Structure formats: structure tokens, C-alpha cells
Amino acid sequence: MTQLTQKSLSPFETSPLTCGELLVQWLEYYGVETVFGIPGVHTVELYRGLPNTDIRHVTPRHEQGAGFMADGYYRASGKIGVCFIITGPGMTNIMTAMAQALADSIPMLVISSVNKVKDTGSGEGHLHELHDQQGMVSKVVLTSKTIWQPESLPKVIAEAFALFNGARPGPVHIQIPIDVITADASHVAKPSNLTPYLNNFANNSADAHDLTLPQVMRPLPNPAQLDLIVESLEAAKNPVILYGGGCVDVDQDAQKLAELIDAPTFLTINAKGLLPPAHPLSLGSNQSLDAGRAVIAEADWVLAIGTELGETDYDVFFNGEFKINGTLVRIDCDAQQLQRPFRAGIAVLSDAQMAISGLCARLEGQTFDHQALSRVSDAKQALLKDVTPDFAGQNALLKLIRDEVEGVIFAGDSTQPVYSGNLGFEALATRKWFNSSTGFGTLGYGLPAAIGAMIGSKNPVVSLIGDGGIQFTIAELICAAELELPLIVLLWNNQGYGEIRRYMEEGGLPLIGVNIKTPHFEPLAASFGAGYRRITAKQQLLDALKEDIKGKQPIIYEIDEADDFLIEMGKTFTCFS
């Protein structure tokens with residue numbers, strides 16, 4: 001047997017170098033730290049080069065779980081999650097997670113295999129073959145590209161990260177034929193001579209195979225348009241600000257702008273934490289409630305930044321009564337979104353941080369008296385009249401955990417405490433509260449997304465999920481146990497699909513399909529290597545949290561929605577705190 005000899009290459013390179021091995025080098029160059037994937041016969045060659053990098057691999061138990069983990073990973077940490085997915089069934093499995101990410105503008109890189117070049121789309125019945133895998137996936141991503149030859153790899157990867165950093169983010173799909181994954185890529189541009197991406201390309205080398213990768217950023221605001229916004233504001237008497245998830249990484253200028261304008265300020269679900277809970281100008285995330293809507297409807301000037309103004313933030317009861325009657329000023333990094341679903345009087349295509357900073361600079365030294373404090377106070381009093389005992393109890397539970405567990409992140413599913421928290425819960429910082437009840441609205445998200453959040457942030461995480469929703473992705477509990485993550489799974493038990501059951505009852509519909517059988521969660525948790533507690537008292541919960549967040553296993557806290565201790569907790573709950 002002839003032994004391969006090393007050429008004069010960097011320590012990262014071997015000869016011959018396959019396209020799959022080169023791929024992981026480029027991923028590491030772009031700062032990728034974690035890959036979520038389930039190896040299959042079509043993707044095993046993507047794994048050959050992983051040991052030569054610092055990239056961590058996490059194995060979920062279903063491809064949908066991989067996508068949800070990558071989603072939660074980004075939301076908690078701001079780092080791009082990458083998935084390795086097999087041809088065919090792997091891609092059909094992950095598409096739900098990709099659609100959720102697209103709806104909520106969450107960047108995610110899904111790299112899949114596809115059949116050999118000559119077999120792709122042949123219809124000859126090859127393993128995992130789809131009629132048109134790329135066409136199918138293209139409906140739930142920003143873009144889907146095929147790498148038909150190794151030479152295209154660096155360019156396609158660069159395009160993906162350009163989209164993540166330079167446009168409204170979302171999932172990107174790259175597929176590679178299985179014979180291209182194993183093809184020789186020794187001659188293809190490599191990152192070994194380039195300064196890592198996270199160092200902003202400060203020292204790009206001239207001998208890096210003539211490859212240039214300029215840093216891509218979202219557009220800066222047009223100064224004339226910022227001047228126009230200030231000019232229009234000067235005529236306003238009762239302005240309002242609407243901050244969305246596109247502002248999640250905006251610094252203290254978001255609070256400063258609200259104070260300079262002297263305007264009541266609303267935060268979408270994904271913008272929670274942008275203003276402190278007790279800030280006197282904040283009306284939280286209550287723009288779907290009558291008192292919040294009235295403030296917006298009465299405003300003669302509305303500034304909406306980084307929000308699509310969608311119904312899952314502004315019309316959660318789906319009655320179509322959310323109105324904007326004043327001049328609408330919009331700032332967004334997506335040109336199309338600037339004119340939907342409401343037409344803007346002033347539309348600025350821009351990065352949120354840069355636009356907000358520019359407005360603050362222009363308004364510095366000016367004084368407005370829009371009577372915002374009294375308007376906010378009146379609205380808060382009106383909102384308090386609608387607080388029910390159930391709403392108060394659920395939010396008191398969330399607030400107790402927030403105050404007890406420093407830095408805690410809540411990753412939620414579609415379940416009753418999440419619906420209540422979306423309105424009443426106040427996060428202490430951004431990236432501390434997110435869930436799947438917005439946008440696409442998937443069930444089963446809360447558990448795997450929480451795992452991804454814990455991996456990405458290394459913070460304590462609570463998964464909020466119902467007894468029905470957890471059955472979609474319960475297998476991921478063993479993944480958390482395998483990783484020794486002290487994840488708290490707050491399981492809200494209402495014996496089936498409780499929220500849909502109530503909806504059917506209110507509509508006079510027969511209760512079909514909602515009173516499902518649910519597992520006995522204590523033995524189930526044990527079989528997965530997880531802990532279990534049936535929580536029935538406030539002090540019990542406090543004692544459990546102190547112990548369990550320091551542990552090395554996930555643990556289910558099962559709470560029955562009818563427990564009396566929740567109502568007792570709710571009696572001391574105060575909103576906006």
C-alpha cells in the first residue's frame with residue numbers, strides 16, 4: 001500500500017482533501033461552534049473533518065429537533081446554528097422547524113446531502129430520492145443552493161453568511177450531492193490563510209487563492225430620511241413607538257429614543273427586555289389588548305422599528321381590530337416589509353441600531369412634552385382591569401422563576417403560561433423570552449429549542465411546554481440527559497390540548513381529538529435519564545430551583561393548571577414589574 005505524503009500545507013489540511021472536509025473548515029472560519037445533526041449514510045462524509053476543528057456536534061433524536069435546537073441556539077446566543085441533514089426524509093422532517101425560523105427571522109444554516117449528480121431528480125427510485133428536494137425546501141428558506149462541484153463551496157458559504165449579516169435573517173439551505181461531498185477539493189480555496197471571520201477580515205492575505213470575503217452589513221439609514229422623521233415628529237402631539245424583534249440587539253439607545261421622543265412604547269414578544277420592566281414609558285407587549293390598542297389607534301404618529309406588524313404580536317385574538325390611524329414611520333432591514341401589512345408614510349431601509357442611534361443624535365438637546373407618562377399610566381390602569389386570576393397566577397409563576405434564577409431564559413411552546421406571559425411577563429433583558437406561539441406557531445418547539453438555548457448561552461433555561469405539545473418532541477429529553485444539561489422543563493398539564501378544548505367549547509363544537517391520553521411523566525422522565533417533581537406549592541418550587549439548576553440532568557416540573565397555589569400566587573402579582 002502506498003502511503004500518502006503530506007505536501008507543504010497548513011496544519012488544517014490533508015491530501016487529498018474532500019469537499020466535506022473543506023466544508024467544516026469554512027464553517028469554523030465563519031465562527032460556527034455547534035452543528036446539530038443525525039448522521040446517515042448520505043451525510044457521514046460531512047463528519048470526517050469535524051475532529052480537526054473545534055466545532056461541537058450535538059445529536060438530536062429527530063431532524064425537527066435539530067432545527068428547533070438551532071433556532072433556540074441562535075435566539076439565546078446570537079450565534080448561527082448549523083444542521084447536518086440527510087437527503088429526503090431528513091429534509092422533510094426539518095422543514096417545520098425551518099418554516100418557524102423563517103416566520104420569526106431566525107438565521108439557520110441547514111446543510112444537506114442530495115443524491116449523486118447524475119441521479120438527482122432522475123425519478124429512478126434511489127435511496128432517499130425526492131422529485132425535487134431543492135424546490136420543496138426553497139419555500140421555507142431565504143435561499144436554497146446546490147454545490148455541484150467543490151470549486152463552488154467557498155462562494156456558496158460566503159453567500160449564506162452575507163444573507164445572515166446583511167439582510168433580514170432567516171434559514172438558508174445548501175445541498176451537496178453525495179459524490180461531490182467525497183470529491184477532491186485540494187485545489188479549492190481554503191480558509192487557512194485568512195484571518196478568521198470573527199476578526200472582521202482585518203488581515204486578509206494576498207495568497208489566499210485570490211478569495212476575498214468582504215464583511216457584509218445591513219444598510220445604513222439615509223441621513224435625509226432621518227431628518228424627515230425628525231421633521232414629522234415635530235408636528236406630532238401623541239406619538240407611539242413600536243419596537244420589534246429586529247431590535248433585539250439594539251443597545252441602550254432604544255430606551256434613550258423613547259425618552260427623547262416622550263412616547264408610550266410597546267415591545268413585541270421577541271423584543272421583550274429592550275426596556276426595563278418598570279420603565280414609566282413601557283406598556284410591555286399589550287398591543288393586542290383593548291387598552292393598548294386604544295393608545296396606538298389614538299396616536300397621530302407611530303414609529304415602528306424592526307417589526308412586521310403581524311397578527312401574532314398585534315392581533316393575538318384574531319378579531320382584526322388592530323388599527324394605525326396616524327402617520328406611520330417604519331424602519332426595517334427588509335424593503336418589502338416596509339409596506340406590509342400597513343402602508344408607511346415614511347419608510348427607511350436600515351439596520352435598526354444605526355437608525356435609532358442616528359435619531360438619538362438628531363434629537364439630543366430637544367425637548368418634547370407629549371404627556372406620555374400620564375397616557376401610559378392611564379393605559380396601565382385600564383389594562384389591570386382585565387387581569388384574571390388565571391392570568392395573574394401564571395405570570396406570578398414566571399416572575400418568581402425569573403427573580404429566583406439569575407440570567408434565566410424561557411423557551412416556550414404553544415401553551416397557556418406562554419400565552420399569558422406573552423402579554424404580562426416582563427423580561428430583564430433581550431433574548432430571555434421567546435417561543436413558537438408567534439409566526440408559524442408550531443407545537444413541540446419548547447423542549448428542543450430550550451436545549452439549543454442552553455448549549456448556546458450556557459445560561460439556566462426553562463422550557464415552557466404543555467402535556468400535549470411535549471409529546472411531539474419528548475424524545476429530545478434524552479438528548480438533554482446525554483449532554484448533562486440541568487434543563488428545567490416546566491410541564492403545564494391540562495390533560496390534553498387544553499387551549500384548543502376551550503376554543504371548541506366556546507364555539508359550541510364537539511370535543512373531538514382534544515381529550516387525548518397523556519403519559520405518566522415520572523416514570524417516563526426516569527426512563528430518559530431525567531428527574532421529575534410534581535410541583536404543588538410556591539416554597540416547594542423555590543427549594544427545587546435552588547437545587548436543580550446546579551445539577552447534571554434535565555428535570556420535569558409537572559404543574560396542573562388547576563392547582564390552588566397558582567391562584568394564591570396570583571393574588572400578589574403586580575403587572576409591569
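Predicted model: local features only at pLDDT ≥ 70, side-chain atom pairs only at ≥ 80, totals over all residues.
Me: At what angle do the axes of α7 and α11 cross?
Reply: The axis of α7, residues 223-233, comes within 10 Å of that of α11, residues 352-363, and the two cross at roughly 55 degrees. The pair is therefore oblique.

Me: Which residues make the contact between α7 and α11?
Reply: From α7 come P223, L226, D227, I229, V230 and L233. The α11 side supplies A355, G358, L359, R362 and L363. By class, eight of these contact residues are nonpolar, one is polar and two are charged.

Me: How many disulfides does the structure hold?
Reply: A disulfide needs two cysteine sulfur atoms within 2.5 Å. The structure has zero. For C333, the nearest cysteine sulfur belongs to C247 and is 9.9 Å away. For C479, the nearest is that of C83, at 12 Å.

Me: Is C479 buried or exposed?
Reply: Buried means under 20% relative accessible area. C479 has 0%, so this cysteine is buried.

Me: Where does I157 lie, and what is in contact with it?
Reply: I157 is part of helix α5, residues 153-166. Its relative accessibility is 0%, so I157 counts as buried too. Setting aside neighbours within four places in sequence, I157 is in contact with L23, W26, Y30 and I174.

Me: How far apart are I157 and G284 in space?
Reply: Their C-alpha atoms are 39 Å apart, with a separation of 127 residues in sequence.

Note on methods. Residues numbered from 1 in each chain as written. Heavy atoms only, no water. Buried < 20%, exposed > 50% of the residue type's maximum accessible area, 1.4 Å probe, protein only. Axes fitted to C-alpha atoms, helices over the stretch in contact; angles between N-to-C directions. Helix = DSSP H or I, 4+ residues; strand = E, 2+ residues; numbered from the N terminus. Parallel < 35°, antiparallel > 145°, perpendicular 65-115°, else oblique. Contact = heavy atoms within 4.5 Å. Nonpolar A, V, L, I, M, F, W, Y, C, P; charged D, E, K, R; others polar.
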